[in-house]
Number of protein chains: 2
Amino acid sequence: MTSIKTVAQRAQVSIATVSRVLNGTKYVSPDIKQRVLEAVEALNYHPNAPARNLRRQRTQSIGVLIPQLNDLFFSDLAYVLEKSLFAAGYTPLFCSTENDEEKEMMSVDNFINHRVDGVILIPSVPGSKSVNSVERLLERQIPIVLVDRAMPEFQVNQVIINNQQGGYSAADYLLRLGHRHIGVVDAIGEPARYIGEPGYERTSGVQQAMLAHGVLFDNRLVIMDRLGKMEMGYHGALRLLRQSSHVTAIFALTDAIAVGVLRAASELGLHVPRDLSVIGFDDMVLASHVTPRLTTVAQPIENIGQTATRLLLGQIQASSAPPETVILETKLVIRESTAPPR
Amino acid sequence: MTSIKTVAQRAQVSIATVSRVLNGTKYVSPDIKQRVLEAVEALNYHPNAPARNLRRQRTQSIGVLIPQLNDLFFSDLAYVLEKSLFAAGYTPLFCSTENDEEKEMMSVDNFINHRVDGVILIPSVPGSKSVNSVERLLERQIPIVLVDRAMPEFQVNQVIINNQQGGYSAADYLLRLGHRHIGVVDAIGEPARYIGEPGYERTSGVQQAMLAHGVLFDNRLVIMDRLGKMEMGYHGALRLLRQSSHVTAIFALTDAIAVGVLRAASELGLHVPRDLSVIGFDDMVLASHVTPRLTTVAQPIENIGQTATRLLLGQIQASSAPPETVILETKLVIRESTAPPR
DNA sequence: TTATCTCAGGAAAACGTTTACCCAAAACTC
DNA sequence: GAGTTTTGGGTAAACGTTTTCCTGAGATAA
């Protein structure tokens, strides 16, 4: 494969000059520059990134740990991250952790081997598993940004949304419509939730709203289990509606879950929103295309991605930059799946 | 950062020996091996991948060009690919091409710079844009596998499904149910389709089925436009149903499109499947969770991903391996969105 | 015992860049 | 015009591995 040496020979200059032309790192007289560029063109020269990275001691690449690349929400996030990293001249290395601690660790090691300049970490829900990853990276002083789920125990960049407020606004809306029996359906395994976990925070927002409206929060109306999100939405809602027939509204912790809830309702002969109001979270494209169109709490996903890369690159370029936590707001989007109870 | 040198010093051996222990490339006596491993552990040593890649002249990384990371289907594919590449010890470099020729080219160059060992290319639909990418890679003798869309003009590995047969079986099923006026909704921009493009092939399968049943294929019942998939399904179906009220069934070229079609039907007061049958393609999880559950043509997506990595790695490991084209079969999955016409 | 062979492990040469350092010539300064 | 500064471009030393080649010691053979 043609190397910088070949180019130098052909252009009748030293390899240093070629490097300088290519990187614009020092003034080179126009005629020589011209010669070099012609040689590069003629030889179809592509600089060897491993060699460059080795010498430069940085790689212009960012590791991205994401729970599942094919999840409705996370794939959107991955898309946004890829776009903004690309725009900034960085190559992302994606890895689906799949809630598999071992795979996550292996990927972190892989990132370290590759000498990535930084890592974007969407902590695996549920549990505190990602703690080890974070510690491992911090130990090596690799810049980090946490996305989607807060981990208050670490002093690192974090980009999250105001999940509590999101849950609050959803419940508040339902309560104002007149609902008094509101169920919550989630797709998470562990009954013990962790502070900072989006689902926990959203549910906690619901509780607060109910408190504010003087309505009793019934824990038995919170259903969770460990299945695919849509699957869980379906089974969870079935269970919930069968065991508590007075429920008139369901807050699904995710649009994907909401889709499952809609199916359960339909199967039980309940018309949405006449017999049952359903509200989702995320505002994926899907939400506005499902029937009935889903009322949901929107996340500013584009903004999340951009902020994450901004913080991370900021820290990479000026290592003195102190870690920042950015909390973005959600927005209730009212569509067709919610109505006053009958 | 600690290097192999540090490890060697601590273990009182030469760096060559450390390398040998770590790579198992030559017999090393147990006691020395032990010493080395202890030193590695104690120093938390992580071998420098750029240096290794430079020296080895291969990187254990694979470039993956995918139209959109957040597309319902492609994100699934990305997920499967990541999984199987990871299992084989390769790191994928993903890039969303977004139907942007320039970005695609830049990514290909980036892959070349990184000296990826191979490339998995899901050609950007629509058009022949990816031709340049393929040529560029072939020129450099970089192993390639094309996925999802065939490009018969190239002698490279290809993994596709039998789209024609898929379209055929869908239409055949509708025809057997008694439907005679079948619309097709697609989400592609160009009216001129290319051979090998999934949408083209699927539609062609529909035509063949209708021919076989002696039913006239009406070109005016094929709707396509360039929008988001769900968006297009919605608008396309609206247009179709308004202008051709005798249509009793719609073949959506994608499950995502089908979701939009369902919404359009609902908005027009048409009950699915009583007034209108809808059939999708892909069999995403979504398909079985939407209401009504979608009849669809299933792609063996897991198999597609595994086959793609198998072919690619095969070629990488034995460069003599001749390019192969694997065509996988689809399977009609009958659910609730189809019924005989009234 | 001596000659040959085997083999564990070390020395050093690559791999392809970037960059610190150096030098000669040109450009100033007075 | 002599001394000083600037500057365009070359030389060579890194960066951290893997791997070829070599060596000396122990094993084997006669």
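In the predicted model, B:Lys103 and A:Glu82 form a salt bridge with closest N and O atoms 2.9 Å apart, a salt bridge being a side-chain nitrogen of Lys or Arg within 4 Å of a carboxyl oxygen of Asp or Glu. By this rule, two salt bridges are found across the interface of chain A and chain B. Contact (heavy atoms within 4.5 Å) involves 57 residues of chain A and 57 residues of chain B. The buried area between the two chains is about 5,100 Å², with 56% given by carbon and sulfur atoms; buried area is the accessible area (1.4 Å probe) lost by two parts on being put together, summed over both. In chain A, the most area is lost to chain B by A:His46, A:Tyr79 and A:His289, together 14% of what that side buries.

DNA strand C is surrounded by 27 residues, a residue being near a strand if one of its heavy atoms lies within 4 Å of it. Of the atoms of DNA strand C that come within 4 Å of the protein, 61% belong to sugar and phosphate. Phosphate oxygens of DNA strand C lie 2.7 Å from a side-chain N or O atom of A:Tyr45 and 2.7 Å from one of B:Ser29.

Residues are numbered from 1 along each chain as its sequence is written, and chains are lettered from A and ligands numbered from 1 in the order in which they are written. Local features need pLDDT of at least 70, side-chain atom pairs count only at pLDDT 80 or more, and totals for chains, interfaces and linings use all residues, while side-chain values use heavy atoms, with hydrogens and water left out.

Conventions. Polar contact = N/O pair within 3.5 Å; in protein donor to acceptor, adjacent residues only side chain to side chain.
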